[in-house]
Amino acid sequence: MRITRVLSGALLALGPVLGLALGPAAVPAAADSTPSASPSGDSSTPTEAGTSFRTATEIDQGQTATASGSAGDYLYWSFPADSGQRPTVEATVKLPETHTTQTWQIDVYDGLRRRQACQYGAQTRTAGQGTASVELACVLRTVRAWSEPWADDPLPGTYYVRLTVLDLKAADLGLPVSTELRVDSKDIGGAAAVDGSLAKPLVPGIAVTSPKDEDEDDDSSATAVLSSIEPDDGWASGWWSDRWVWTGIGAVLAALAGIGGYTLTRGTGRPRHVPPGA
Amino acid sequence: MIRTQRLAAGVCALLAALTAGIAFPAGAVADETTATAPKVDLVLDVSGSMRTKDMDGGTRMAAAKQAFNEVLDATPENVLLGIRTLGANYPGDDQKTGCKDTAQLYPVGPLDRTEAKTAVATLSPTGWTPIGPALLKAADDLEGGTGSKRIVLISDGEDTCAPLDPCEVAREIAAKGIGLTIDTLGLVPNVKMRQQLSCIAEATGGTYTSVEHTDELTDRVNQLVDRAADPVVTPVATEGAASCAAAPALKSGLYTDREEFGQERWYKVDVEPGQELRASVSVSADRAMNPDYGVLLRAVTVHGREIVRGEAAGNGRTDVISTGLRYPKAESDEDEAPAETVCVQVTNSYSAAAGVKTTPGMPIELTVDVVDGPSPASDVASFGLGRGWWLLGVLVLFGFLAGVLWGWVSRWRVAVWRTN
């Protein structure tokens, strides 16, 4: 990450000097390398959660969503994740004053409703009797632009988070709880850049919604869609990665080294044994 | 055509209503929008036990009335709201009569707040707790329209009309495929009632809440009514077949079906060359299940060869188990290459204890998306580009070696030229 920043900075400085065509392309690199976790304007933070995949509340990354529910509810949110990002889901559950031991869990599913593994983070946690809150976390794998259809690698698109109590005594069922959910992501950058890309992100119902949007723009706000999720700055086109910078700099350095090697062996341009007057 | 007929019918109805001198809810004009409007039926227990004074010092009935008043004020404009009571009218001891005691207090339709409030004010705790029959009637109240439908059941005791299990009733209502959710609220709950109400909620994908304070009741009912107001895609009911040959052909969309324990469901989807099939399936656990379960979704050719599968397994308490698959069909060189029929098979490995009913099956939700295919990867790395210090080192080394070599060559050439 830091190397990238240094490198792209170096390229920015070098670019005009060497007259490289890479100059403009290096600007997004510098912009990309800043952490994307800056909280977006929390003008309308969701205060409700859905109760199924179909009704999941859509949230943005960097937004803290809250929801009140009852112990035993299955609470669903959905968020967009784009290629090169490594999302981290963090949830806090505030439990009622009196309760017995209960176990809470977050599960993350991708746009195809396939369960996504957590690399690390306390996905499941047990709250002892009388504990005020439980904190859960799940760090997903890096989202790739493309994968084999037989793999379940994370792909750009909608991600669903399900928060629920896994195990609770009958007496605790239905007691009020309040929850907080936040999704941030780390930009992994070019290290995760792969070849190939999806024609459309893994957003459920995208085959139904996209032609409609073109036809009847006026009606689209009223009709319900399965998932209308999109990152703030749109889905990445997938052609840019810092690999261009690395490869470009490599080419420049190779050329310089080549010139160096040439001058070293070629000498001043005149063989030594030839007399100067010849 | 239909619109004019409906308008004419509306005008007739309006005239009839006016001549009959009935106060007509201002809804006849809103007929066009009400077809898709969300509907909510609040079902309130008005049985004798609601007289108990244990909610913030007042009776349960008083708490319910206060909550209803606030909810009626806060109900969003587009929601069609109705109120049904159970046990409100028959004070006697005859179970047969008592168990038929459910009445529509306010019909499901555009809300006249004052009128609804007046109706609620007249209620006084009276009779039995016929939850099952009330749910059946409430489902009838909500019939028609394509919007989301929700029953909010508020009760302070378990069903007292024994042979008809309200939980079974709820499952049957859900199985009718009218996309109805039942949320239950238990006032000062005991063990049996909690179990019964949460069973009702589970059977329809709803939620159960325990309520001990008036403000909790108000907040929760408000939340549930607001939830109903959110626009949601309504799935299309379909029925999968036992084999691919007889399977229904699906296009992109959201579908719902039922699947029993150990049953296979087959569907067909046409995929053109260069397109990608995306399918995902969720099978809900709408009854008490054994704690280990799974689901398998397979894409199979018409000849029975498996193309790709999605599988998921889990354990512990769950509402749903789901998985999905992707099948990009390669581009074809031929013009007018025919679409391939892909068979999609859904099986589940839920199991339940001996006493649990096996019919109707568990609800399935199936999403199908046929989109353009992905651009294939010719290399692992993006455009075959490299990155990292090793790459720089190798490039510098080989650049240098090439330079050295070129230097030698040109020196040798000059030497040769000189000697000639």
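The model is predicted, so local features need pLDDT of at least 70 and side-chain atom pairs count only at pLDDT 80 or more, while totals for chains, interfaces and linings use all residues. Residues are numbered from 1 along each chain as its sequence is written, and chains are lettered from A and ligands numbered from 1 in the order in which they are written. Helices (H or I, at least four residues) and strands (E, at least two) are DSSP runs numbered from the N terminus.

**Helix 3 and helix 9 of chain B**

- Helix 3 (residues 60-74) of chain B packs with helix 9 (residues 214-229) of chain B at an angle of about 35 degrees, their axes being 9 Å apart; axes are lines fitted to C-alpha atoms over the stretch in contact, and angles run from 0 to 180 degrees between N-to-C directions.
- Residues in contact have C-beta atoms, placed from the backbone, within 7 Å, and on the helix 3 side of chain B they include A63(B), A67(B) and V71(B), which meet residues of helix 9 of chain B, among them L217(B), V221(B) and V225(B).
- The buried residues of helix 3 of chain B (20 or more other C-beta atoms within 10 Å; exposed means 12 or fewer, and partly exposed is in between) include R60(B), K65(B), F68(B) and L72(B).
- Those buried residues pack against strand 1 (39-45), helix 5 (113-121), strand 4 (149-155), strand 5 (180-187) and helix 9 of chain B.

**Sheet in chain B**

- Five strands form an open sheet in the order 7-9-16-11-14 (chain B), with mixed pairing, where two strands pair if DSSP finds at least two bridges between them.
- Strand 7 (236-237) and strand 14 of chain B stand at the edges with a single partner strand each, so one side of each has no neighbour in the sheet.
- Strand 7 of chain B pairs with strand 9 of chain B in the parallel sense over two bridges, and V236(B) stands opposite Y255(B) in strand 9 of chain B.

**Interface between the chains**

- In all, 76 residues of chain B are in contact with 66 residues of chain A, and helix 10 of chain B gives the most to the chain B side, with 19 residues.

**A122(A)**

- A122(A) lies in the loop between strand 7 (118-120) and strand 8 (124-127) of chain A, and counts as partly exposed because it has 15 C-beta neighbours inside 10 Å.
- Leaving aside neighbours within four places in sequence, A122(A) is in contact with L136(A) and A137(A).

How values were computed:
Contact = placed C-beta atoms within 7 Å.
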